[in-house]
Amino acid sequence: MSEFDLLDVDEAEGVGDEWEEIDVSDTEADRIARKRDREFAQFRKRLKDADQFKVEGAVFDDATLAAVYKLVQDGHLAAFGGPISTGKEASVFEALGPDDTDVAVKVYRVQASDFRRMREYLEGDPRFEGIGGDRGEVIIAWTRKEFANLQRAEAAGVRVPHPIAVQRNVLVMELIGEEDDHAPRLQEVHVENPETAFEVVREYMRRLYAAGLVHGDLSEYNIVVYEGELCVIDVGQAVTVHHPNAEEFLRRDCRNVADFFGRQGLEVDADELYDFVTEGEATGDAVMDEE
């Protein structure tokens, strides 16, 4: 059981709907991949051959390996572990960060990702006006968008994985859970106190909205539970409130959340939740237990 010291709205001043600039130009990782210098070639072979780097070959093309190489050079990564999750668009791996800390590394597949779905969320986002139609460019923009969304959500007082670094299609962030024991999703646990859990989720939604973001895919599958805390994950698709589909996405989030907690025995109205998120007041501190 853990206490949520939810950030007061006044303390979140300065994290509103600013349009932060997100650079989608070539990075050092792109230049390394093109140059293919001796050091990178040796790293590439070691990464694929060494037992400590249990990586999936299909995920790591040369450009992705160059991004990992740059993250290692910059001190964000020391070693890879096994996969935490494998999806159609991305794989998440355990890894060792600086000072022997455990981190999570999310690698988006440039060729296999749902390019059209990603464009639906990018188009209309003022941070990505004029983005081209190149698949690789869209995937890189999506990865940097997730990094920026994590930063904005965290600044607004929403519990998300702490963003650490991003290179090309590779995102390094806090590992939620323990090594070889990832945090369960909300739908996988028995919620001891659904009323409090709902209050925390709706407060997170309100804080995201106050910071100018709509999650866009919020459900019991994108919220994990660790040490009594609820943590929102997978914020890559989150859009600013200026996105032409922001209201549609928010109302869908509200329906998903209302449906889940309705199955937990609560009377939750999706329209009332929407009104709270867009106009509601802070709920103060909250506590959640799970079994």
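Predicted model: local features only at pLDDT ≥ 70, side-chain atom pairs only at ≥ 80, totals over all residues.
## Aromatic pairs

A pair of aromatic rings is described by the distance of the centres and the angle of the planes. Across the whole structure, a search finds 3 aromatic pairs. One of them joins Phe-80 and Phe-93: the ring centres are 5.6 Å apart and the planes stand at 75 degrees, so this pair is edge-to-face. The two residues belong to distant parts of the chain, 13 residues apart, with Phe-80 in strand β2 (residues 79-86) and Phe-93 in strand β3 (residues 90-96).

Another edge-to-face pair is formed by Phe-198 and Phe-261, with 5.4 Å from centre to centre and 65 degrees between the planes. Because Phe-198 lies in helix α6 (residues 194-210) and Phe-261 in helix α7 (residues 246-263), this pair ties together parts that are 63 residues apart in sequence. Both Phe-198 and Phe-261 are buried. Ring pairs also bring in Phe-260, so that Phe-198, Phe-260 and Phe-261 are linked into a cluster.

## Charges over rings

Two contacts between a charged side chain and an aromatic ring may be described here. The charged end of Lys-145 is placed over the ring of Trp-142, at 5.0 Å from the ring centre. Arg-202 lies over the face of Phe-276, and the distance to the centre of that ring is 4.1 Å.

## Positive phi in two loops

Most residues other than glycine have a negative phi. Arg-168, although not a glycine, has a positive phi of about 55 degrees. Arg-168 is placed in the loop between β5 (163-167) and β6 (170-174). Its relative accessibility is 11%, and Arg-168 therefore counts as buried.

Glu-227, also a residue other than glycine, has a positive phi near 50 degrees. The loop that holds Glu-227 runs between β10 (223-226) and β11 (229-232). Is Glu-227 buried or exposed? With a relative accessibility of 54%, Glu-227 counts as exposed, since the cut-off for that term is over 50%.

Definitions and conventions: Residues numbered from 1 in each chain as written. Heavy atoms only, no water. Phe/Tyr/Trp six-rings, centres within 6.5 Å; stacked < 30°, edge-to-face > 60°. Helix = DSSP H or I, 4+ residues; strand = E, 2+ residues; numbered from the N terminus. Buried < 20%, exposed > 50% of the residue type's maximum accessible area, 1.4 Å probe, protein only. Lys NZ or Arg CZ within 6 Å of the ring centre and 35° of its normal.
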